[in-house]
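Below are a few friendly notes to read alongside the model.

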Amino acid sequence: MQFTLDDLKRILLESAGADENVDLDGDILDRRWDELGYESLALLETGSRIEREYGITFDESAVTDADTPRALLEIVNAQLGAASAA
């Protein structure tokens, strides 16, 4: 199973909405969360939803340490890979 940018955008919109000044359909992979209008509370909620939906668990600081969507995708996919290998 692969966690994609589309999966991330869907969960972000469901859990935290979107800043009307930000186009999530643009090239957002390497933009910082604050540039995209998301603060740490929104990221924690997003991380919780990902954990519940995909049956994985993050280290406590993993989601907040991921400062871009690309970094979060890498963390989620690493957890999914570890879970499927177990």
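1. Ile28 sits in the loop between H1 and H2 (helices are DSSP runs of H or I of at least four residues, numbered from the N terminus). This is a predicted model, in which local features need pLDDT of at least 70, side-chain atom pairs count only at pLDDT 80 or more, and totals for chains, interfaces and linings use all residues. Residues are numbered from 1 along each chain as its sequence is written, and side-chain values use heavy atoms, leaving out hydrogens and water.

2. Is Ile28 buried or exposed? Ile28 is buried, at a relative accessible area of 1% (buried means under 20%, exposed over 50%, partly exposed in between, with a 1.4 Å probe and protein chains only). Leaving aside residues up to four places away in sequence, Ile28 touches Leu5, Lys9, Asp23, Leu36 and Pro69 (contact means heavy atoms within 4.5 Å).

3. Pro69 also belongs to the buried set of H4, together with Ala71, Leu72, Leu73, Val76, Asn77 and Leu80. The buried residues of H4 pack against H1 (5-16), H2 (40-54) and H3 (62-65).

4. As for H1 and H2, they pack at an angle of about 120 degrees, with axes 9 Å apart (axes are lines fitted to C-alpha atoms, for helices over the stretch in contact, and angles run from 0 to 180 degrees between N-to-C directions). That makes H1 oblique to H2 (under 35 degrees is roughly parallel, over 145 roughly antiparallel, 65 to 115 roughly perpendicular, and the rest oblique).

Conventions:
Helix = DSSP H or I, 4+ residues; strand = E, 2+ residues; numbered from the N terminus.
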